[in-house]
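Open the structure in your viewer and keep the selection tool at hand. The tour goes from stop to stop and says what to select at each.

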Amino acid sequence: MFQHVEFYAGDPILGLMDKYKADERSQKVNLGVGVYYDEEGRLPVLECVKTVETQLANPPKPRPYLPMDGLPGYRAACQRLLFGSDHIAVKEKRIASTATLGGSGALCVGANFIHRWFPKARVFVSDPTWGNHIGIFEGAGFEVGKYPYYNPAIIGVRFDEMCAFLQELRENDVVLLHPCCHNPTGVDLSREQWDQVLNIIKEKKLIPFMDIAYQGFGDDMDSDAYAIRRAADLGLSLFVSNSFSKNLSLYGERVGGLSVVCPSDEEARRVQGQLQFTIRRIYSSPPSHGGYVVDGVMNDEALFTQWVGEVYVMRDRIRDMRQKLQDALSEKLPERDFSYFTKQRGMFSFTGLTPEQAERLQKEFAVYIVSNGRMCVAGLNSKNIDYVAACMAEVLK
Ligand code: KET
């Protein structure tokens, strides 16, 4: 009966995680999946999260169905975080927001919504991008193309080519953008470049879809949202998917959000209804535990402040690891330039290692990075960094 079902070769990122778990070598290092580990190599439970979870457990909180679009406090928190509490679009109730199953769920709900209401749209993602962007939009029925983005020669963006490409797109084509901490390259647009890109998007009437999964890991909470706020300031209608997986260290709770900025409050209400409808038909409503945790942290001033501080501790430790790896490798291979480690931002470094070199790291040294050369710097710590530097130097020789 299932003879025609094709073999699934596995996911390039999540499959790596399984391989790492099965590896019995004690020196193994996981630098694959975009997950933050602390100095001890542990997945942290943030203090602000512990506080809310303790409250939720004493006495245990009932688990009703949540509304299709999640808790009202959760939705409001997404808007505050992304746009700032004083933003005119928030005040004018022009933003439709829903809780989603992680950032992935937000992309999926957004993609389904756009495919239904803009069936002729095409979708364009950066070259390269997070692989699942392509998967999710193709899964929703779109044709997905790529716009020029990364230029390894300058550890920067092919900016002129990117702009020229966007200029040629059709009205209502969707442009998927990373507001900060670009995955996989760690290379972001400058504010001036964002302004130019957003002007083209406005002029050409394209649909911007901003996917922010690492807010707080780049510069700070507000600066990382620059592109989102600027787009809203320009009066653009836009989609924003956000993830709390990384910045609340709540990966398995599947907490994220989708926000759609609309021209009017009346349109925002229609969109809100259609987002609910989309969700109802896929999974009905979001899980409650993660929803209560996010709601609890974000809507208590003291816990919110504590949370932001905890995100910055993670951010700073990653920066420190970038510097240390750069120093260690520069010492071992002085003829090579490793300054990319400290130029790139966020969790990832795009190392330029070939798939063959990545495979050697894995097979010979039990060091796991994604085959496209992406390394999750947040998996480094003072105990494994010398080993990783030595192994990298060996495969780069
Ligand atoms: N967007 C981006 C840019 C992203 O890197 C991830 C996850 C997501 C969305 C999904 O977030 P979530 O809330 O987990 O649904 N990226 C890491 C994990 C993965 O591949 O699923 C990664 O790139 O390693």
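Predicted model: local features only at pLDDT ≥ 70, side-chain atom pairs only at ≥ 80, totals over all residues.

Residues are numbered from 1 along each chain as its sequence is written, and side-chain values use heavy atoms, with hydrogens and water left out.

**The ligand**

Next, look for polar contacts (pairs of N or O atoms within 3.5 Å). Ser104 has a polar side-chain atom 2.5 Å from a ligand oxygen atom. For Asn183 the corresponding distance to an oxygen atom of the ligand is 2.7 Å, and for Ser243 it is 2.7 Å. The ligand taken alone exposes 520 Å², of which the protein buries 92%; these accessible areas come from the Shrake-Rupley method with a 1.4 Å probe.

**The loop between β7 and α8**

Stay with Asn183: its peptide bond to Pro184 is cis, with omega about 15°. Pro184 sits in the loop between β7 (174–177) and α8 (191–203). Helices (H or I, at least four residues) and strands (E, at least two) are DSSP runs, numbered from the N terminus. Now select Cys181, which is in the loop between β7 and α8. Cys181 is not a glycine, yet its phi is positive, about 50°.

**The loop between α2 and α3**

Select Asn58 and Pro59, which are joined by a cis peptide bond with omega near -10°. Pro59 belongs to the loop between α2 (47–57) and α3.

**Helix α3 against helix α9**

Select residues 72–83 for α3 and 226–233 for α9; their axes come within 8 Å and cross at roughly 95°. Axes are lines fitted to C-alpha atoms, for helices over the stretch in contact, and angles run from 0 to 180 degrees between N-to-C directions. The two helices are therefore roughly perpendicular (65 to 115 degrees). Contact (heavy atoms within 4.5 Å) is made by Arg80, Leu81, Leu82 and Phe83 of α3 with Ile228, Arg229 and Ala232 of α9.

**Helix α2 against helix α12**

Finally, select α2 and residues 301–332, helix α12; the axes come within 8 Å and cross at roughly 145°. Glu47, Cys48, Thr51 and Val52 of α2 meet Leu303, Gln306, Trp307 and Glu310 of α12.

How values were computed
Parallel < 35°, antiparallel > 145°, perpendicular 65-115°, else oblique. Polar contact = N/O pair within 3.5 Å; in protein donor to acceptor, adjacent residues only side chain to side chain.
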